[in-house]
Amino acid sequence: MRFAVLTDIHANREAFEAVLADADARGVDRIALLGDLVGYGPDPEWCVDKAAGLLAAGAICLQGNHDSAATGRNESLTPNARVAMEWTKSRLTDLHRAFLAGLPLTVKVEDVLFVHASANDSGSWIYVTSASMARGAFRSCEARIILCGHVHIPLLASSDVTGVVRVQKFRMATPIPLIRSRRWLAVVGAVGQPRDGVAQAGYAMLDTGTNELTFRRVPYDASKTVQKMRVAGLPEHFALRLIRGK
Amino acid sequence: MPILPYPGMEIDSFRLGEKLHKGAFATIWEVTHPDHLFPMVMKVPTIMDGFDGPTIVGFEVEQMIIARLSGPHVPRLIGVGDFSNMPYIVTEKIDGGSLLSVFERAPLPLSDLIDLASQIVLAVADLHRQHVIHLDLKPENLMLRPFCPESRGEMVLIDFGLSRHDQLPDLLSEEFSIPMGTYPYIAPEQYLGCRDDLRSDLFALGVMIYELATGTLPFGMPLKLKGVRKRLWRDPVPPRALRPEVPEWLQEIILRALEVDPKLRYQTAAQIAFDLSHPLQVKLTQRAMKVRQDSMGTVFHRWRAMRKIRSFGTPDSVAAQLASVPIICVAVDLSRENEQLAEILRWSVQRMLVTQPDARIACITVLKHERMGIDQTTDAEGNNLHVVRLVALRAWAVGIDLPEERLTFAVLEGSDPGSVIIDYATANHVSHIVMGARGHSAARRFLGSISAKVVAEANCSVTVIRVPERQKDVSQV
């Protein structure tokens, strides 16, 4: 089974479409959306509708902190993000809100756990940015492979047979064997707002048959997204982030 | 606690036979499987207790890397088992046995030595092309396939427990603070903790060729890590001091491979292989002439310079390292009617050297045989055709500004020039062929295009140079 794992789409239609097309061209059996469909970007309705369509067609779709905030829950957001969230809320219909509110926080498929933030407390939106943060995620579940998002910077960590957790270096677009003597955690990067300095949409492909994970980057027309954001009057900070990729 | 292997044990349909070898970190078993009817071996790591870090990680590394390797110079992987049951790796069995017994017979006769060294070096070049640095090259980890219908006596590298695949996570990098490797063969930068430099393997090759040539190890058999450090400043006894019949060019190759600073060594295994097969064109330096170890004064100065060194700098990725020192093969047609083409070809080569200043240029020309009949080896005046061509080839290359050791010449012979060029490029690990395409002549229509064949069949990049058609021909199209 080949999973295309997308997270942090953040209402960026151009990036979302580019990633879906790339995954489709490479061959994918099931799509997993790890949350944060909305927030920051100019196309929340389109992205939620698209996600709903994918979910109906068999995809996995989780709730992220921005999705939760869009349903009216009180999540902690930066002042700029709060401005964007108010704008987002004004665009969404009750149907959209109901869809977002109904999304699960985690989904497990065999030995793979999908979650938006950290597995140890999926509703607290903990950022997995280091080996010690990953350790908590490994401790709190049995899954051999944990795939998550929320951080917007790709990361790979492994927990060896003795339980030592280390961050592993990896290369983009190179299949990484998730050897079975270890457990693995990957932050798959962000589709709609990358923050590692590469202004391309990020996602990952998990092939459970070959047991390999591949981090990928897909170029997309960020200038179009930026223009829409400026027209919508969204905070310029987020537009610049898309151009810089950080 | 993992399950322990025993004769007769069955696991994932593999049936264990005899225990072939018991090493410090693993046992090797003969195994059979109903779906695989050829001889196989199973390697099972010996894990002392749950916290035997080095063995476990080494095993994981081998499991990960061996699955990415292919070709005749590595054992074929059949199956792996993980720690939840019993960890193992099953590969084809290489019948020939390790080269340890050959190394015990060293010094070898020179012709055997050069032949064996070339085989080892080419196997390592093949590994590097697959992005893997072995980092534990030594006689025990080299095996020879037997000559039989399925194999042609190829050199096989085994044991990838310390290896590094430069596109995969390095599970070993942060695991241990002490350098990993085998003391007599470990390179200085590897001793300093670097695991990313393919030139570390070239150092180990130097140690092995030295051993084959002299019967002794250049840096002895240090028992403690402190003894390994000495090679940062103490140079080995020159091979010719131990065995005077070692030719100067071979001493040059060995001592260049053993340079302390990786930048001064050969940069790729393909370069060593090239020199081993072109001994007359090896540029001899002071290394070739050395008759004794450096004086204590020199060694003292080196000690002062080296005693606090932490690293020799970060090397490029394996692929980048290989690409930065290409071997460019220029196939030159020296016939009268193609003089203009030959000239344009030389300009192209000169331009390529601007962007690839470290390239090595191998100039070749093909002396075409008739398919049948007796070939003339002399022309009407009795001049040796081979020599005539070589002289012409050297004359053609005037203006290619390269030091002697990076510019070589060869006159090859054969009835099919395309195949001759391709075979030369394959045998010499050429990274790029540059050649001319003849115009739209009648000869080409009847004989077929040599360049088209080379482009289609060569195993490397090919650049084809053409004399531009005259303007009026173009306008007629």
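Two strands pair if DSSP finds at least two bridges between them. The model shown in these views is predicted.

**View 1. Strand 1 and strand 11 of chain A pair in the antiparallel sense.** Strand 1 of chain A covers residues 2-6, and strand 11 of chain A covers residues 201-207. The two are joined over 4 bridges. A:Phe3 stands opposite A:Leu206 of strand 11. Strands of a sheet pair through backbone hydrogen bonds, either parallel or antiparallel.

**View 2. An open sheet of 6 strands in chain A.** The strand order is 3-2-1-11-12-9, and the pairing is mixed. At the edges stand strand 3 (60-61) and strand 9 (176-177) of chain A. Each has a single partner strand, so one side of each is left without a neighbour in the sheet.

**View 3. The buried side of helix 5 of chain A.** Helix 5 spans residues 94-101. Its buried residues are A:His96, A:Phe99 and A:Leu100. An α-helix has 3.6 residues a turn, so residues three or four places apart point the same way. The cover over the buried residues of helix 5 includes helix 2 (44-56) and helix 3 (65-70) of chain A.

**View 4. The face of helix 5 of chain A turned away from its buried side.** Here sit the exposed residues A:Asp94, A:Leu95 and A:Ala98.

**View 5. The contact between chain A and chain B.** From chain A, 15 residues are in contact with 16 residues of chain B. The side of chain A that touches chain B has 6 nonpolar, 4 polar and 5 charged residues.

Methods
Residues numbered from 1 in each chain as written. Chains lettered and ligands numbered in written order. Predicted model: local features only at pLDDT ≥ 70, side-chain atom pairs only at ≥ 80, totals over all residues. Contact = placed C-beta atoms within 7 Å. Nonpolar A, V, L, I, M, F, W, Y, C, P; charged D, E, K, R; others polar. Buried ≥ 20, exposed ≤ 12 C-beta atoms within 10 Å, placed from the backbone.
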